[in-house]
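Q: I've got this one open on my screen. Can you walk me through it?

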Amino acid sequence: MARTIKKARSKRTKGSRKGEASSSSSTNTAVASGPAQVWQPGVDALEEGEELQFDPEAYNYLRGFSIGWPCLSFDVLRDQLGLVRSEFPHTLYGIAGTQSEKASWNYAGIFKLSNIKRKKREPIPSSALDGDDDMDSDSSSDEDDEEINEDAEPILHLQKVAHEGSINRIRSMNQKPEICATWGDTGHVQVWDFSSFIASLEDPGTVTHKDNGIIHNHVPLKVFSGHKDEGYAIDWSPNVTGRLVSGDCNKCIHLWEPTSSDWSVDAKPFVGHSASVEDLQWNPTEENMFASCSVDGTIAIWDIRIGRNPCYAPVKVHNSDVNVISWNSLAGSLIASGCDDGSISVHDIRAIEPGKSLVAHFAYHKHPITSVEWSPYEASTLAVSSADNQLTIWDLSLERDAEEEAEFKAKMKEQANAPRDLPPQLLFVHQGQKDLKELHWHPQIPGMIISTAADGFNVLMPSNIDATIPSAGASIPMRM
């Protein structure tokens, strides 16, 4: 989907590129006399009266929804509906943290989106979804509008839990999804047990429309006030149940170890960065190792068994703030990073030295990267969100094939020469959300991505993303 601007006097549609969520309105069957103009997301500006049209064939599913206030962060809750699900209809559970106008209005929203059926159509405005009512779209007199079947619309159920201050980041524990950690702008890290609220969502009869507007008071399991400043970095260990790390803007990282009924938080922090710690990621296979990134432009690798300093000196990977990182769970030596200058990089930690670890680097985005995450099903596939209002999907196994491109152009009725600087690894571009903040792949539904932005959430399943488990022989090139 792409951004739409209200029609002024006339409407003209820009051409599109394969895998991009916009479509060309050209129906001319004759060969064009010259190459068609290719509109580049994030580069070209729309002129007055122009709009981008989303191509229904680009998605297996696309929908927007909201839980009220904008959410800077959210997480997908693992459920008991099936380890791997590829058949519609789908149901997803999530947890999100709000950024309201007043600190006292904030809450953690535990939600269930059900009745997700395969239907290709434009997302509704986020404001049109409220509570557990079926999603209704604005009526249109356009004769091309498809008929709406209310029984096919997804249904939202929501439970709200009061939270002191805005939520900078929220994460659910893999092993116990009902246990969630929040990083607040108050400087506190809190751990919560939301099991009762999730249970109420599992039984739709216990949640009424009025319940969606109630903000429940709930006591957290643990509140840690040892950070000297607020922060954004937090991550649960995928290998040790209950183990947690949290990092702050004061360049400190604290380790949380679970006890029989609580958490023991080491008062002595891990220190190695010279500026704010922006993100943390546990090694997906080594239980004692985690990675961090910082405003100082570096990534550091830590081993909790050998002290409070990094295993190696933090490695400079970008020339500006490193906002986010993601550790590949299928190719455990690869870490992706997103920078404030809009670039994304992939590094091989087996050669974590300056100038030696770089596997791939892309400068496609022109505004800060706000989220990166490897696919849980494809080792070479990476999803990225940026402040340029684009969500992009990359496949690092792809390379430019001149012969294939020539054959494709020969078959086309209209010539469309892609920009020379367009990376062949760019698989898909999704637009339409304003100020994108975070995205996650659904860990149990291959090909599904959920994203949050200032104007709400999107659930999307691009049609060119494989929705099946890859073969055992799937690989990723180590140098590009």
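Q: How do strand 4 and strand 5 pair, and over how many bridges?
A: This is a predicted model. In it, strand 4 and strand 5 (residues 90-98) pair in the antiparallel sense, over six bridges.

Q: Which residue stands opposite V76?
A: G94, in strand 5.

Q: What holds the strands of a sheet together in general?
A: Backbone hydrogen bonds, with strands running either parallel or antiparallel.

Q: Now S73. Where is it found?
A: In strand 4, which covers residues 71-77.

Q: Is S73 buried or exposed?
A: Buried. Its relative accessible area is 0%.

Q: What does the side chain of S73 make a polar contact with?
A: The side chain of E438, at 3.0 Å.

Q: What else does S73 touch?
A: Leaving out residues up to four places away in sequence, S73 touches A96, G97, N168, R169, I170, R171 and E438.

Q: Switching to aromatics. How many aromatic pairs does the structure hold?
A: It holds 17. Take Y61 and F88: the ring centres are 6.4 Å apart and the planes are at 40°, so this pair is tilted.

Q: Where do Y61 and F88 sit in the chain?
A: Y61 is in strand 3 (residues 59-65), and F88 is in the loop between strand 4 and strand 5.

Q: Buried or exposed, for Y61?
A: Y61 is buried, at 2% relative accessible area. F88 counts as partly exposed, at 24% relative accessibility.

Q: What about F65 and F457, stacked or tilted?
A: Stacked. Their ring centres are 5.0 Å apart and their planes are at 10°. This pair also joins distant parts of the chain: F65 is in strand 3, F457 is in strand 32, and 392 residues separate them.

Q: Are those two buried or exposed?
A: F65 is buried, and F457 is buried too.

Q: Which residues do ring pairs link into a cluster with F65?
A: F74, F111 and F457.

Q: Back to strand 32. Where does G456 lie?
A: G456 is in strand 32, which runs over residues 456-462. G456 counts as buried, at 7% relative accessibility.

Q: How far apart are G456 and L436?
A: In sequence, 20 residues. In space, 9.2 Å from C-alpha to C-alpha.

Q: New topic: strand 9. Buried or exposed?
A: Buried. Six of the six residues of strand 9 (residues 179-184) are buried, so the rest of the structure largely encloses it.

Q: Which residues are on each side?
A: I179, A181 and W183 are on one side, with C180, T182 and G184 on the other. Both faces are covered.

Q: What does strand 9 pair with?
A: Strand 8 (residues 167-172) joins strand 9 through five bridges, running antiparallel. Strand 9 also pairs with strand 10 (residues 189-193), again antiparallel and over five bridges.

Q: Which residues are bridge partners there?
A: I167 has G184 in strand 9 as its bridge partner. W183 stands opposite V189 in strand 10.

Q: How many residues are in the hairpins?
A: Six residues join strand 8 to strand 9. Between strand 9 and strand 10 there are four.

Q: Last one: the largest nonpolar core. How many residues?
A: It has 21. I344, V346, V372, W374, V384, W394 and L396 have the most contacts inside it.

Q: Which strands supply at least two residues of this core?
A: Among them are strand 24 (344-348), strand 26 (369-374) and strand 29 (426-431).

Q: What is V372 in contact with?
A: Beyond its neighbours within four places in sequence, the contacts of V372 include I344, L382, A383 and V384.

Q: And strand 29, how many of its residues are buried?
A: Six of its six. Strand 28 (residues 390-395) is joined to strand 29 by five bridges, antiparallel. There, W394 has L426 as its bridge partner.

How values were computed: Residues numbered from 1 in each chain as written. Predicted model: local features only at pLDDT ≥ 70, side-chain atom pairs only at ≥ 80, totals over all residues. Heavy atoms only, no water. Core = buried A, V, L, I, M, F, W, Y, C linked by side-chain atoms within 4.5 Å. Buried < 20%, exposed > 50% of the residue type's maximum accessible area, 1.4 Å probe, protein only. Contact = heavy atoms within 4.5 Å. Polar contact = N/O pair within 3.5 Å; in protein donor to acceptor, adjacent residues only side chain to side chain. Pairing = 2+ DSSP bridges. Phe/Tyr/Trp six-rings, centres within 6.5 Å; stacked < 30°, edge-to-face > 60°.
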